[in-house]
Amino acid sequence: MPRITRSAQKQIEFRCQKTRSQQKKNEGTIAASRSKHTRECSISPRKRRDPTKACQTLVSVSPKKRKNNNGKVTEVVSSDEENSDPKQKLSFAGLESLKTTPRNQARCKSANAGLKVGSEPRKTLSLARQDGQQYSKVRRALHSSHPNNLLCREKEITEIRKFLQNHLLRGKPGSLYISGAPGTGKTACLTKIMFEMKDDIRKCQVIFVNCMALKQPQDIFKKIAVELVGEDQCPAKTSQKFLEEEFSSSAATRILILDEMDQLESKHQEILYTMFEWPSLPKSKLILIGIANALDLTDRILPRLQARPKCKPELLHFAPYTKEQIVLIIKDRLTMVDDGNSILDSSALQFCARKVSAMAGDMRKALDICRRAVEVVESGERKQQILQPVGKAESPSKRIETPSKPKKVGISQIASVVAEVYGSRLVSGPGGEQPTIPMQQKLLICTFLLMTKERSTKEVVLGKFHDTYCKICSKRKVSHLGQEDFLGLCNILETRGLVGMKRAKDTRMIKVTLKIDEKEVDYALQDKTLLSSILQEGIPTLSKN
C-alpha cells in the first residue's frame, strides 16, 4: 500500500497570547501616534488654533485598546468632537447623545428633582418637650377662690344687699342667718357685697370671725373683744359682760360676721342665744350675720327664738348648684383664657357637673375636679417628647417651637379624679382590693348612720351610741366590744377623718359627729349583706332583763 504524506494538509494555527512586554511595546506605539495628533490639535475646542484642521484630524476615541472579532488590537478613530478623555469633561454633543437613552433621561430627571430653582432648604427635626402654658392658664382660671363674677346667685346677692342697706342707712340693729351646703357661695356672695358697699361700710366697724379656728366655743367672746377694742384694753375674765356694755353704749354701727356659726354649739346653747340677743339690747346698733351649713339651726337648736320676735333673725338659704348652673359657671371661667374651651371636652364637663350635682352641688369641688384633671393631662403631655422642625444654623436656645394642638381633657380623666374625690374610704384601700376598715368599725359607722336617720340629729352621745351598737351586735349574734374598747374604736375612726368627737368630763357624754357625707356612707355599706340588712331593718328593740 503506497505511503501517504500529510504535508499537503492545511495546518491550523492557534494564536498565542501576547506577553506583558509585547503589550507594553504595542501600547507605546499607539501612544506615540496619538501624541503626534494631539500636538497638532488640542482636545479642548477653545485651545485649538485652526478649528477646520482639527475637525479633519482623526484621533482615537479612547486610549485603551479594543479588540475586534479576530482578536487583533485595532484603533477606533473618530473626529475630535467625539474624542473624550477621562480627565476632561464631555462635549455638549456627547451630552445630547447620552440624554437620548431612556435610562439616562431617568437619571437626569432624578438629579434635577432635588435642585429646583428657588426651593427652600430642608429643615431638620429635633426632639422637644411639649409647652404646657395653655394648661397652666386654664388651671389658674379654674381657681376656687372668690371670683369677680358670681353667676346663678343674683337672687341671694340682692337679698343680702337689701338687708345691709336697710340697716346701715337707717342705723337699725338686726341679725341675718345664711344657711347652705358647703361650696354654695355663701361667704363669696357676702364678701362681694361688702366690697361693693365699702363706701357705706367705711363709717362702721366690721368684725369677721371664723369659728372653726376656735378651740372651744367659749373662746368666741375673747376673740370678739380683741377684734373690737384691741388686746391691750380687753379684760381677761369678763369678756361677755364687757361686750354687752360695748354694744349697748356705743353709738357707732358695728357689723359682726360669724362664719361656721354652728361650731358654737354648747350646753343648752347659751352661747348662740346670747349672740342673737345682742342686736335687741337697748341702744344697740349691732348688725349680726351668721353663716352655717345647718338649714334648721334656729328652729331645731334655738327654739326659744321663736317666742321672741325681736331676737329672731332673718333667714336666707343657698340651694346647691344644679348641673346646668355648674356647666354655666365652668364655661364662663374657660372663656377668660384664649381657646380655653379646647382644653376641656364638653362631654367631660357634662359628666363632672352631673356627678357633683348628684352628690352635694359643691361648686368648689367641681372646680377642683376639673383643675385636677387638667393637671393630670398636663403632666402626661410634659413628659412626652415630639419631633419639631428646626433650622440647621439655629442653636438650641434660639429654636422657635411651633405650638402643637393641646390634648383635651376627656371623660376618662374626669372619672379617675371623681373616683379619688368621692371614692369611699370604707370599701377599698389604695389599690381598691382589700378593705381598709375592719368589720367592727363598719358596724360602728352603720349604727351611727341608723341613729342619725331615725332621730334626725347630726351628733350622737357616746353612751347611747354604745348601747345601740350592743343591741345590733346581740341581735346579729356578733361579739360586741366594751365601753373602753368602743371608745378606742371611735378614736381610731377620728384619726382616719371619718368621725369627729367633742370631749366632755363624763365619757358617756362625749358627742360623736360624722365627718363624711351620709350618701357616701350609705353607698359604701350596701356592698356587704350583713350591713345592708341592718340598714333595712333599723334599730332593734330588746326587752329589759
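Ile 178 stands opposite Ile 291 in strand 9. Strands here are DSSP runs (E, at least two residues), and helices are DSSP runs too (H or I, at least four), numbered from the N terminus. The model is a predicted one: local features need pLDDT of at least 70, side-chain atom pairs count only at pLDDT 80 or more, and totals for chains, interfaces and linings use all residues. Residues are numbered from 1 along each chain as its sequence is written, and side-chain values use heavy atoms, with hydrogens and water left out.

Start with the sheet. Strand 6 (residues 174-180) pairs with strand 9 (residues 286-292) in the parallel sense, over 6 bridges. Two strands count as paired if DSSP finds at least two bridges between them. The open sheet has 5 strands in the order 7-8-9-6-10, and the pairing is parallel. Strand 7 (205-210) and strand 10 (314-318) are the edge strands, each pairing on one side only. From one strand to the next, the twist averages 15°.

Helices pack on this sheet. Helix 6 (residues 154-170) touches strand 6, strand 8 (254-259), strand 9 and strand 10, and its direction makes about 155° with that of strand 10. Helix 9 (residues 219-229) touches strand 7 and strand 8, and its direction makes about 145° with that of strand 7. Touching, or contact, means heavy atoms within 4.5 Å. Axes are lines fitted to C-alpha atoms, for helices over the stretch in contact, and angles run from 0 to 180 degrees between N-to-C directions.

Now look at strand 8. It pairs with strand 7 in the parallel sense over 6 bridges. Phe 208 stands opposite Ile 257 in strand 8. Another 6 bridges join strand 8 to strand 9, again in parallel. There, Leu 258 stands opposite Gly 290 in strand 9. How many residues of strand 8 are buried? The count is 6 of the 6, so strand 8 is largely enclosed by the rest of the structure. Buried means under 20% relative accessible area, exposed means over 50%, and partly exposed lies in between (1.4 Å probe, protein chains only). Arg 254, Leu 256 and Leu 258 point one way, while Ile 255, Ile 257 and Asp 259 point the other way.

Two loop residues deserve a look. Most residues other than glycine have a negative phi. Glu 260 is not a glycine, yet has a positive phi of about 55°. Glu 260 lies in the loop between strand 8 and helix 11 (270-277). With a relative accessible area of 22%, Glu 260 is partly exposed. Lys 283 also has a positive phi, about 60°, and is not a glycine. Lys 283 sits in the loop between helix 11 and strand 9. Lys 283 is exposed, at a relative accessible area of 73%.

The axes of helix 17 (residues 439-455) and helix 19 (residues 483-495) come within 11 Å and cross at roughly 85°. That makes helix 17 roughly perpendicular to helix 19; the class covers 65 to 115 degrees, with under 35 roughly parallel, over 145 roughly antiparallel and the rest oblique. Gln 440, Gln 441, Leu 444 and Ile 445 in helix 17 meet Phe 486, Leu 489, Cys 490, Ile 492 and Leu 493 in helix 19.

His 466 lies in helix 18 (residues 462-475). His 466 counts as buried, at 9% relative accessibility. Beyond its neighbours within four places in sequence, His 466 is in contact with Leu 481, Gly 482, Gln 483 and Phe 486. A polar atom of the His 466 side chain lies 3.0 Å from the backbone oxygen of Leu 481.

Conventions
A polar contact is a pair of N or O atoms within 3.5 Å; within protein, one must be able to donate a hydrogen and the other to accept it, and residues adjacent in sequence count only if both atoms are side-chain atoms.
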